[in-house]
Amino acid sequence: MSNPDEEFYVLRKSVLLIFTLIGLGVAAYFILPLTPIPGYIDGVLNRFELLF
């Protein structure tokens, strides 16, 4: 039989991983507009549109 404590730690690890990913996503959502990356993406998309 498996140890209930081990199952708890596996569950806790996965929950922490999910919350970490959500936190990074929220941080990127607010920080990304402050960086030059959106302008770079717009430039690449404009060049891509010019090809077709």
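These are my notebook entries on a predicted model of one protein chain.

**Ground rules.** I number residues from 1 along each chain as its sequence is written, and side-chain values use heavy atoms, with hydrogens and water left out. Since this is a predicted model, local features need pLDDT of at least 70 and side-chain atom pairs count only at pLDDT 80 or more, while totals for chains, interfaces and linings use all residues.

**Overall build.** I looked up the secondary structure and got 2 helices and 0 strands for the protein chain. These are DSSP runs numbered from the N terminus, with helices (H or I) of at least four residues and strands (E) of at least two. Helix α1 takes residues 4-31, and helix α2 takes residues 37-51.

Next I checked the dimensions. The C-alpha trace spans about 65 × 25 × 10 Å along its principal axes.

**Buried or exposed?** I got 0% buried for the 52 residues of the chain. The cut-offs are under 20% relative accessible area for buried, over 50% for exposed, and partly exposed in between (1.4 Å probe, protein chains only). The chain exposes about 5200 Å², and carbon and sulfur atoms supply 74% of that. Areas come from the Shrake-Rupley method with a 1.4 Å probe; for residues, only the protein chains shown count as cover.

**Nonpolar patch.** I found Leu11, Val15, Ile18, Phe19, Ile22, Val26, Tyr29, Phe30 and Ile31 forming a nonpolar surface patch, about 960 Å² of accessible area together. Patch residues need over 30% relative accessible area and no salt bridge; nonpolar side chains (Val, Leu, Ile, Met, Phe, Trp, Tyr) are joined within 5 Å, like charges within 9 Å. A salt bridge here is a side-chain nitrogen of Lys or Arg within 4 Å of a carboxyl oxygen of Asp or Glu. Phe19 sits in helix α1 and is exposed at 56%.

**Aromatics.** I got 1 aromatic pair. The ring centres of Tyr29 and Phe30 are 5.3 Å apart and the planes stand at 85°, so I logged the pair as edge-to-face. Ring centres of Phe, Tyr and Trp (its six-membered ring) must lie within 6.5 Å; planes under 30 degrees apart are stacked, over 60 edge-to-face, the rest tilted. Tyr29 is exposed at 63%, and Phe30 is exposed at 57%.

**Spot checks.** Thr20, in helix α1, is partly exposed at 45%. Its C-alpha lies 29 Å from that of Asp42, 22 residues apart along the chain.
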